[in-house]
Amino acid sequence: MAGRGKLIAVIGDEDTCTGFLLGGIGELNKNRKPNFLVVEKETSITEIEETFKSFLARNDIGIILINQFIAEMIRHAIDAHMQSIPAVLEIPSKEHPYDASKDSILRRAKGMFSAEDFR
Amino acid sequence: ELGKDLLKICGFLWICRAQTIMKARLKGAQTGRNLLKKKSDALSMRFRQILRKIIETKTKMGEVMREAAFSLAEAKFAAGDFSTTVIQNVNKAQVKVRAKKDNVAGVTLPVFEHYQEGGDSYELTGLARGGEQLSRLKRNYARAVELLVELASLQTSFVTLDEAIKITNRRVNAIEHVIIPRIDRTLTYIITELDEREREEFYRLKKIQEKKKQLREKTELEIAARLAALGPIAEPANMLTEEADEDLLFE
């Protein structure tokens, strides 16, 4: 049973957003609201959290991509998100390579696997 | 006395019926518990599979992203900073995802499937220089998106299964540690009751038999005594052996 198409949202630094937008995921909805947020040095944590929550509330977003270092800033909001959709994926950025120990999802399964599995 | 006996018999029958019902319930609870255990095992197996796949895919994703970021740097070097142009020219998404349903042991798992819609809205941003790097960049990020959609599916399945397994195990434990012991205790109680009633019945019957025997013996003695007291019994006259008949007037 296929549902209607859902968007992929991005919360990331400028490079990440540019790259994914070029990949073709960007869209402005009826109210000219984007499905992405470019996070710069000046962007406040509140704004990031608000955008994240608004993405969660939208029913046309299926996946939210978020740079891991930004996810760290709003870790509590991400951990509080218990539903399976939208799926929240943490991706690395240029300056911050992927760190499995910080990933929300993998922390839930802590103890089920060891560091060796990552090599 | 008959009414009392009838009640006792009805009670006895009722207890027998209750025992049958309880046995059926025990069987039902055990079957239910076994089925749930199987479901929990199937879900856990799938869960571990998915976890392994997630770890594998996340590692791959790290590499793909690195490569994509690198090609972005190359493109920027060749074409200058196009970020603003890209960000301001967002219109409609060409890549979207659909949510499909998968099923494992009765649990529906959401699965993402990506698909294309519409053409490339950045066709015009080929930009004077760096067109080749730009198209390679687009391809890399498109590949990253595919991988990430797959990862998202794995993740949602992971979360859904986690919940389902917790619930199923809770039910298994409830049956095993609450319901089955309760039925067992009821059955034991019923059997003890039955045993006791049987003993009561047995005792009652024995008592009745004894009383009857005593009564019979007493009556026999009484009859013998009365007979003795009467003396020899005058037998009534036998007409056929009579010598003379008084009633005959003429002989």
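Predicted model: local features only at pLDDT ≥ 70, side-chain atom pairs only at ≥ 80, totals over all residues.
Okay, one definition before we start: a residue is buried when its relative accessible area is under 20%, exposed when that figure is over 50%, and partly exposed in between.

Which residue does Arg98(B) pair with in a salt bridge? That's Glu113(B), with the closest N and O atoms 3.3 Å apart.

Ala105(B) has a positive phi of about 50°, and it isn't a glycine. Most residues other than glycine have a negative phi. Ala105(B) is partly exposed, at 38% relative accessible area.

Now step back to chain B in general. Its secondary structure comes to three helices and two strands, and along the sequence the pattern reads α-α-β-β-α. Of its 251 residues, 32% are buried. And if you take contacts in chain B between residues at least 6 apart in sequence, 80% of them join residues at least 24 apart.

On to where chain B meets chain A. How many residues are involved? On the B side it's 50, in contact with 47 residues of chain A. Together the two chains bury about 4,300 Å², with 72% of that on carbon and sulfur atoms. Ile55(B), Lys58(B) and Val90(B) supply 13% of the area that chain B buries here, more than any other three residues.

There are also eight residue pairs in polar contact across this interface. The elements of chain B that give two or more residues to its side are helices H1, H2 and H3 plus strands E1 and E2. H3(B) has the largest share, 18 residues. By type, chain B's side divides into 32 nonpolar, eight polar and ten charged residues.

Those charged ones bring me to salt bridges. Side chains of opposite charge can pair when their charged atoms come close. The rule finds two salt bridges across the interface of chain B and chain A. One joins Asp15(A) and Lys76(B), at 2.7 Å from N to O, and it runs from helix H1 of chain A to helix H1 of chain B. Buried or exposed, which is Asp15(A)? Buried, at 15%, while Lys76(B) is partly exposed at 23%. Asp15(A) and Lys76(B) also belong to a salt-bridge network with Lys94(A).

Lys92(B) and Glu27(A) make a salt bridge as well, at 3.5 Å. Both partners sit in loops: Glu27(A) between H1 and strand E2 of chain A, Lys92(B) between H2 and E1 of chain B. Glu27(A) is buried at 8%, and Lys92(B) is partly exposed at 47%.

Last stop, the inside. The largest nonpolar core has 56 residues, and those with the most contacts inside it include Phe20(A), Ile63(A) and Phe82(B). H3(B) gives the most to this core, 16 residues. A second, separate core has 18 residues, Ile11(A) and Leu37(A) among them.

Phe20(A) touches residues of both chains, including Leu65(A), Met65(B) and Leu148(B). Phe20(A) is also one of the buried residues of H1(A), a helix with eight of its nine residues buried. Just after H1(A) comes Gly24(A), with a positive phi of about 105°.

How values were computed:
Residues numbered from 1 in each chain as written. Chains lettered and ligands numbered in written order. Heavy atoms only, no water. Buried < 20%, exposed > 50% of the residue type's maximum accessible area, 1.4 Å probe, protein only. Contact = heavy atoms within 4.5 Å. Buried area = accessible area lost by both parts, 1.4 Å probe. Salt bridge = Lys/Arg side-chain N within 4 Å of Asp/Glu carboxyl O. Polar contact = N/O pair within 3.5 Å; in protein donor to acceptor, adjacent residues only side chain to side chain. Helix = DSSP H or I, 4+ residues; strand = E, 2+ residues; numbered from the N terminus. Nonpolar A, V, L, I, M, F, W, Y, C, P; charged D, E, K, R; others polar. Core = buried A, V, L, I, M, F, W, Y, C linked by side-chain atoms within 4.5 Å. Lists of a residue's contacts leave out its neighbours within four places in sequence.
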